[in-house]
Amino acid sequence: MERKEDRGAAAITDTWLRKHRLIYTGATRHPFILAIRGGSVDISSFKHWLGQDFIFVRAFVPFLASVLLKAWKESDDSSDVDVILGGFAALNDEIAWFKEEASKWGVALESNLDYCRFLESLMNSDVSYTEAVTAFWVIEAVYQESFAHCLEDGSKTPEELKETCQRWGNDGFGQYCCALKSIANRRLEKSSDDVVAKAEANVLTILEYEVDFWNMSRGGAV
């Protein structure tokens with residue numbers, strides 16, 4: 001882990017992503033995502049992922065509420081609250097969309113418990129706002145970068161899956177992720193080595209869970 005005096009001009013999160021490029025690429029260029037982009041995805045795998053993600057989103061709601069509360073209590077910039085509130089704006093619509101898609105595709109809504117338990121652990125009062133908002137950023141960033149890749153020129157994403165990819169791969173969501181990243185970097189720059197180390201460890205754990213989460217599309221367990 002980096003010491004505070006060793007941090008250079010580069011944003012801390014960018015340094016982490018270079019340092020942990022292998023696992024980050026595994027999370028954002030997983031074979032499941034590449035299969036969507038290439039038009040070869042197994043629809044049964046997509047259905048399985050969809051059901052798991054719906055459960056995750058429901059667990060994500062209280063986590064996001066805890067980030068908002070920590071921002072209100074701890075943030076040094078009142079605009080953070082406005083940015084995080086933006087995350088709530090889409091959640092109700094997103095949950096309704098998941099239910100509609102699950103019905104359309106005949107998806108069984110199962111549970112990915114370990115990742116949900118990890119989210120719950122980040123709600124604890126001893127987890128700082130800096131750690132929580134950094135976790136929030138990387139969770140959103142993985143989805144944005146993954147699904148944006150499925151919309152780039154040259155992709156062969158099936159028409160029936162493009163709405164899913166647009167939900168997280170659109171430019172507006174990309175800008176939102178950039179805003180979260182800016183908050184995370186600002187907070188990390190002002191934090192102790194201990195907090196930065198904890199935040200980096202959480203980012204690594206999340207990336208590992210994201211890889212496992214994609215793996216579940218093939219029937220793996222998380």
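**View 1. Helix 7 passes helix 9 in a left-handed crossing.** Left-handed means that the near helix is turned anticlockwise from the far one by less than a right angle. This is a predicted model, in which local features need pLDDT of at least 70 and side-chain atom pairs pLDDT 80 or more, while totals for chains, interfaces and linings use all residues. Residues are numbered from 1 along each chain, and side-chain values use heavy atoms, without hydrogens or water. Helices are DSSP runs (H or I, at least four residues).

**View 2. Lys19 forms a salt bridge with Glu200.** The closest N and O atoms are 3.1 Å apart. A salt bridge is a side-chain nitrogen of Lys or Arg within 4 Å of a carboxyl oxygen of Asp or Glu. Lys19 is partly exposed at 45% relative accessibility, whereas Glu200 is buried at 2%. Buried means under 20% relative accessible area, exposed over 50%, and partly exposed in between (1.4 Å probe, protein chains only).

**View 3. Arg37 pairs with Glu152 in a salt bridge.** Their closest N and O atoms are 3.7 Å apart. Arg37 is buried at 19%; Glu152 is partly exposed at 37%.

**View 4. Lys162 and Glu159 meet in a salt bridge.** The N to O distance is 2.8 Å. Lys162 is partly exposed at 31%, and Glu159 is exposed at 60%.

Notes
Helices (H or I, at least four residues) and strands (E, at least two) are DSSP runs, numbered from the N terminus.
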